[in-house]
Amino acid sequence: MALADDMPALWNHPAASVDTRKRILRTVLNEIVVTAEAGRLHLVLHWQGGDHTRLEVVKNRSGQNRYKTDVATEQLVRELARLLPDHSIAPVLNRLGIRSARGQTWTQLRVRNFRGAHRIPVYREGERAERHELILREAASWLGVNRMTAVRLIRDGLLPARQVCAGAPYVICEDDLARPAIRQAIAKGRPVSADARQQTLSFQ
């Protein structure tokens, strides 16, 4: 009875499920009168007790709904789909903290449905090879080094690589692996970077 005097508290209560909210609406509303015009809906809400509220909302166009993912996410998925299959795209989006239009984390199925809705082709096994592109693991294997050495070459600016976003795989052009500077760097190695916190011990 006390909550009846505070509708926002009742509506926003953590325990209020969708069914609970529907019951609330059925209790407090007598009827809703809708008049449709081109691109707009005019609503008159008749509350129990005699009050009226007028609303005007934009009408969804065909194929649209109120849940829309931002353009940046669409572009990111479009680029990732040229590098990774759906089950690998999902964890990248989740690590970045990106959520779906409904505020959900990403799964393989959600990525697949998102691609379908935005007409993004699925990643095809071997398409990177057709573009003569390698990811870090493949580039390291081609050079005969471990992954950390390949990362070091990238960070030193010796091996050109691009990354769609943080957490996405490095993409390396196959031709760049043949650069003489890369072979020289691998042959010479590189000393550990200086650290101000590191001290030198003298042995006699």
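Visitor: Leaving aside its neighbours within four places in sequence, which residues is D86 in contact with?

Guide: In this predicted model, D86 is in contact with Q108, V111, R112, R115 and V122, once its neighbours within four places in sequence are set aside. D86 itself lies in helix α4, which covers residues 86-95.

Visitor: What makes D86 count as buried?

Guide: The relative accessibility of D86 is 7%. Buried means under 20% relative accessible area, so D86 counts as buried.

Visitor: What joins the side chains of D86 and R115?

Guide: They are joined by a polar contact of 2.8 Å. The cut-off for a polar contact is a pair of N or O atoms within 3.5 Å, and the value for D86 and R115 is 2.8 Å.

Visitor: Why are α7 and α8 called roughly perpendicular to each other?

Guide: The axes of helix α7 (residues 136-143) and helix α8 (residues 147-155) cross at roughly 100 degrees and come within 9 Å. Angles of 65 to 115 degrees count as roughly perpendicular, and α7 and α8 are therefore described in that way.

Visitor: Which residues make the contact of α7 and α8?

Guide: On α7 they are L136, R137, A140 and L143, and on α8 they are R147, A150, V151, L153 and I154. Sorted by class, this contact has 7 nonpolar residues, 2 charged residues and no polar ones.

Visitor: Why is the pair E74 and R78 called a salt bridge?

Guide: The side chains of E74 and R78 meet at 3.0 Å, N to O. A salt bridge requires a side-chain nitrogen of Lys or Arg within 4 Å of a carboxyl oxygen of Asp or Glu, and the pair E74 and R78 is therefore given that name.

Visitor: How many residues apart are E74 and R78 in helix α3?

Guide: They are 4 residues apart in helix α3 (residues 71-80), so about one helical turn separates them. E74 has a relative accessible area of 21% and is partly exposed. R78, at 28% relative accessibility, also counts as partly exposed.

Visitor: Is E133 buried or exposed?

Guide: E133 has a relative accessible area of 13%. The cut-off for buried is under 20%, so E133 is buried. Its salt-bridge partner R131, whose side chain meets that of E133 at 3.0 Å, N to O, is partly exposed at 32%.

Visitor: Which residues are linked with R131 and E133 in a network of salt bridges?

Guide: R82, E127 and R162 are linked with R131 and E133 in that network. The structure holds 9 salt bridges. One of them is formed by the side chains of D176 and R179, at 3.5 Å, N to O. D176 is buried, with a relative accessible area of 17%, whereas R179 is partly exposed at 37%.

Visitor: What is the phi of R119, which is not a glycine?

Guide: R119 has a positive phi of about 55 degrees. R119 is found in the loop between α5 (108-118) and α6 (127-130). Exposed means over 50%, and R119, with a relative accessible area of 77%, is therefore exposed.

Visitor: Why is H132 called partly exposed?

Guide: The relative accessible area of H132 is 48%. H132 has a positive phi of about 60 degrees although it is not a glycine, and its place is in the loop between α6 and β4 (133-135).

Note on methods. Residues numbered from 1 in each chain as written. Predicted model: local features only at pLDDT ≥ 70, side-chain atom pairs only at ≥ 80, totals over all residues. Heavy atoms only, no water. Axes fitted to C-alpha atoms, helices over the stretch in contact; angles between N-to-C directions. Helix = DSSP H or I, 4+ residues; strand = E, 2+ residues; numbered from the N terminus. Parallel < 35°, antiparallel > 145°, perpendicular 65-115°, else oblique. Contact = heavy atoms within 4.5 Å. Nonpolar A, V, L, I, M, F, W, Y, C, P; charged D, E, K, R; others polar. Buried < 20%, exposed > 50% of the residue type's maximum accessible area, 1.4 Å probe, protein only. Polar contact = N/O pair within 3.5 Å; in protein donor to acceptor, adjacent residues only side chain to side chain.
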